[in-house]
Amino acid sequence: MEKFIQNLMQEQNETFMPFDTFISYALYHPVHGYYQKQRTKIGTKGDFYTSSHVGEIFGKLVAYYFDRVARCARLPLHICEIGGGDGRFARTVCETLANLKRDFKYDLIDISTANQRIASELVNDFQECRVYDSLTAWGEERVGFSGIFFSNEWLDAQPVKVVKKEQGVIYEIGISVRDNKLIEAKRPADEVITKFLDDYEYKFKDGQKMEVPLYMSEQASSLSSYLKKGIIVTVDYGYTHHECSQPSRRNGSLRGYKSHQVIDNILEKPGAYDITHHVHWDTWEKISEEKGLQSVSRTKQNEWLLQLGILDHLKTNTNGDPFSCNQKQNRAIRSFVLGDQMTNSFDVCIQSKNVSLVCS
């Protein structure tokens, strides 16, 4: 991938590649991109965990929530998961709803052909579940969608621009090539970036680097245009503008993950690891409202799971086997509640369109 980007810039006679373009290639290029690689990416043998890999109890609780909120809002029990990964969450939800004998539909979208193959095999038992390769392809088929959009770590994997403030001037940070290596370069930020920063009230100090999530406008617009009536549940890690301004965030949040280790310099061996950033929640909610989506709530994931009754699922410890199903579920619940893995940093953002979530 590193050589591919160098050759591309040389062929196009470019000396500066914006970070969002670089990330798009590193993650989503159909041949060299990280998500197209066949190797395991999620779980113990992969590069990172998701909540579904901590324990099935996560998917079960969310399935109960989908069922309850669909009845409350008088929605079809039709779920569209964006960035469904290997399909583990989808399978748990489908199993849970099938056991409840509910009439439901489940659509999984993932851009990775490797993930599409794995997910298709995992949900093969459920005729109610279909797999799509893009939100656009899904939207063309599901015109006038009423139901529930769900995503877990979808926004954090979107390509972002990067800026840095130096001596009062906002520069866009990008990629250049020197001595056959990718290096950071800068140029004065253009009007699109500075207007975005002004419109969404970004304030940062001299020397501070920050991601600029221009992608949010397109993604929020897509969700709103596809959704006739329903709710959007977004699970991800992120921060507010206030949290973003803390000294510990001086260098932004853009980083890579490989074999559960943090990679600070993502210009080395791009395409070999995942690249993420913290979601800017204030911006996401404001842009979504501009696109016609109403903010309902934003809660820490552990608090949300407590509200969903996760502690009611603790099992009585009658088996000394630490690998028994009961022991595994109890450990997963402990992780979700006490945050002894990554779970404490996640938020659950709920938005709606043309529905009331006040149950009678």
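**Salt bridges, packing and surface**

Visitor: What's the relative accessible area of Lys 195?
Guide: Lys 195 is at 49%, so it counts as partly exposed. Buried means under 20% relative accessible area, exposed means over 50%, and partly exposed is in between, with a 1.4 Å probe and protein chains only.

Visitor: Before I read too much into that, where do the numbers come from?
Guide: This is a predicted model: local features need pLDDT of at least 70 and side-chain atom pairs count only at pLDDT 80 or more, while totals for chains, interfaces and linings use all residues. Residues are numbered from 1 along each chain as its sequence is written, and side-chain values use heavy atoms, with hydrogens and water left out.

Visitor: OK. Which side chain does Lys 195 meet in a salt bridge?
Guide: That's Asp 199, at 2.7 Å from N to O. A salt bridge here is a side-chain nitrogen of Lys or Arg within 4 Å of a carboxyl oxygen of Asp or Glu. Asp 199 is partly exposed too, with 34% relative accessibility.

Visitor: How many salt bridges does the whole structure have?
Guide: The search finds 17. One of them joins Glu 172 and Arg 187 at 3.3 Å, N to O. That pair links distant parts of the chain, with Glu 172 in strand 7 (residues 169–178) and Arg 187 in strand 8 (residues 181–188), 15 residues apart.

Visitor: Glu 172: buried or exposed?
Guide: Buried, at 0%. Arg 187 is partly exposed at 34%.

Visitor: Which residue does Glu 285 pair with?
Guide: Arg 298, with the closest N and O atoms 2.8 Å apart. Glu 285 sits in helix 11 (residues 281–290) and Arg 298 in strand 15 (residues 294–300), 13 residues apart. Glu 285 is buried at 15%, whereas Arg 298 is partly exposed at 31%.

Visitor: Switching topic: what does helix 13 pack against?
Guide: Its buried residues pack against helix 3 (51–54), helix 4 (56–72) and helix 12. Those buried residues include Gln 327, Ile 333 and Phe 336. After helix 13 comes Gly 339, with a positive phi near 70°.

Visitor: What about Asn 152, which residues is it in contact with?
Guide: Contact means heavy atoms within 4.5 Å. Leaving aside neighbours within four places in sequence, the partners of Asn 152 include Thr 50, Phe 58, Val 235 and Phe 346. Asn 152 lies in strand 5 (residues 145–152) and is buried, with a relative accessible area of 9%.

Visitor: Zooming out, what's the overall picture?
Guide: The chain has 13 helices and 16 strands. Its radius of gyration is 21 Å, close to the 21 Å that the globule rule gives for 360 residues, so it is as compact as a globular protein of that length. That radius is taken over C-alpha atoms, and the rule is 2.2 Å times the number of residues to the power 0.38. Buried residues make up 54% of the 360.

Methods:
Helix = DSSP H or I, 4+ residues; strand = E, 2+ residues; numbered from the N terminus.
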